[in-house]
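Subject: Structure handover

Dear colleague,

Here is the structure, with the sequence alongside. My notes on it follow below.

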Amino acid sequence: MSLLQPYFQQCASAAFSISFPSHSFYVSVSKRTFISYCSSQSQTALVDSPVDSKIAERDEIRLGLPSKGRMAADTLDLLKDCQLSVKQVNPRQYVAQIPQLSNLEVWFQRPKDIVRKLLSGDLDLGIVGLDTVSEYGQGNEDLIIVHDALDYGDCRLSLAIPKYGIFENINSLRELAEMPQWTVEKPLRVATGFIYLGPKFMKEHGLKHVIFSTADGALEAAPAMGIADAILDLVSSGTTLRENNLKEIEGGVVLESQAVLVASRKALIQRKGALDTTHEILERFEAHLRALGQFTVTANMRGGSAEEVAERVLTQPSLAGLQGPTVCPVFCKRDGKVTADYYAIVICVPKKALYKSVQQLRAIGGSGVLISPLTYIFDEETPRWRELLSKLGI
């Protein structure tokens, strides 16, 4: 939960101040919310909301998934590709199951509520964007990133300013900070939905006179309407910024984000079966993601021995595979005798090198080339699993 949220909920239109050891905030709650700060110390003091040391008593393990939008669809696709299809009896229901994980319940929630419920103990695992974890988790040590790169939901939290007016020749965060226009009486106005990461980033980068506002609707319109001087928002391609005469600046990226698998530390340690379930989900994710864009290439080649064929194959840089080619004899019957004049070569090749690999196989005598996409690559125990155990002190 945001530090300021309880106050927002209690006040429809009011003004008040909140002081922490290194920040003082002024907040005005009306149609828009304004947050300004002045720094009194060099270090930022973060206040975590209290969380019980014990987890809620229940038998089932709960996984939170986004309920709507592109992130929701891509998450379901990932789970399906990993043979973990979510079964929902009624699309209006917020609870579902994954049959392959018998003791797991799936709960569809808003991304920010997934993070909040991980902290409150109502969920054990969740899949959300790293930006959401960072904004609503606020560095809470109970949140552990189990997998930090699920390969979708890519975006960045970035500061953007107008291309025109006083900002025309401003191209970096340093230049923005050095503009003489920003004073206590007239601070830089930034429209954003990230009221934790925004002030934290500005303070860390020495911007002293800044006021943050949260506005309804598209933030890109705020500078043109005179509501803000800059915006801090998620950017994917940057097309929307350009179409609204806004530009990103050097040093203005707060966070690179994509979908992540996050867990409650207490749940992994205390809830029966949670760590084993997490291990299985992580292994399936890793095996699938490692296989993306990889193909199995099989070809026949004449040779006197497996070693001779392997030596020929390894002269070609695109034919090394993951750890080297697999070479085995192809038996046929000739004149009543079983012989092995051909050898089969099996290698793993990335998509971008596929055609080049076929050409190189042909060049060294390969024929009958067969190609099929890989679904999973299960390797030895994944580094992410070892890292997780280390974080848990196991």
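What share of the contacts in the protein chain with a separation of 6 or more is accounted for by residues 24 or more positions apart? The share is 70%, where contact means heavy atoms within 4.5 Å.

This is a predicted model, in which local features need pLDDT of at least 70, side-chain atom pairs count only at pLDDT 80 or more, and totals for chains, interfaces and linings use all residues. Residues are numbered from 1 along each chain as its sequence is written, and side-chain values use heavy atoms, with hydrogens and water left out.

Overall

The protein chain has 13 helices and 18 strands; these are DSSP runs numbered from the N terminus, helices being H or I of at least four residues and strands E of at least two. Of its 394 residues, 46% count as buried. Buried means under 20% relative accessible area, exposed over 50%, and partly exposed in between, with a 1.4 Å probe and protein chains only. The accessible surface of the chain comes to about 20700 Å², 50% of it belonging to carbon and sulfur atoms; the areas come from the Shrake-Rupley method with a 1.4 Å probe, and for residues only the protein chains shown count as cover.

Cores

The largest nonpolar core has 34 residues, and L65, V86, I98, V106, L150, F285 and L388 touch the most other members. Such a core is a set of buried Ala, Val, Leu, Ile, Met, Phe, Trp, Tyr and Cys residues joined through side-chain atoms within 4.5 Å. Among the elements that give two or more residues to this core are β4, α2 (69–81), β6 (104–109) and α10 (274–291). The largest share, six residues, comes from α10. Beyond its neighbours within four places in sequence, V106 is in contact with L63, L65, V86, Y94, V95, A96 and I98. A second, separate core of 23 residues includes L157, F167, F212 and L232.

P66 lies in strand β4 (residues 61–66) and counts as buried because its relative accessibility is 2%. Not counting residues up to four places away in sequence, P66 touches M71, A72, T75, F108, Q109, P111, I114 and I127. Its C-alpha atom is separated by 6.8 Å from that of V128, 62 residues apart along the chain.

V190 lies in strand β10 (residues 188–192) and is buried, with a relative accessible area of 0%. Leaving aside neighbours within four places, the contacts of V190 include L159, M202, V210, F212 and L232. V190 and A222 are 32 residues apart in sequence and 9.0 Å apart in space, C-alpha to C-alpha.

Helices

The axes of α2 and α10 come within 9 Å and cross at roughly 95°; axes are lines fitted to C-alpha atoms, for helices over the stretch in contact, and angles run from 0 to 180 degrees between N-to-C directions. That makes α2 roughly perpendicular to α10, a term for angles of 65 to 115 degrees. L78, L79 and D81 in α2 meet F285, H288 and L289 in α10.

In helix α12 (residues 354–363), L354, S357, V358, Q360 and L361 are buried. Seen down the axis of α12, these residues fall within an arc of 165°, so they line one face of the helix; the arc is that of the directions from the helix axis to the C-beta atoms. Their cover includes β15 (294–302), β17 (337–350) and β18 (367–373). On the other side of α12, Y355, R362 and A363 are exposed. Just after α12, G365 takes a positive phi of about 100°.

Regards

Note on methods:
Angles under 35 degrees count as roughly parallel, over 145 as roughly antiparallel, 65 to 115 as roughly perpendicular and the rest as oblique.
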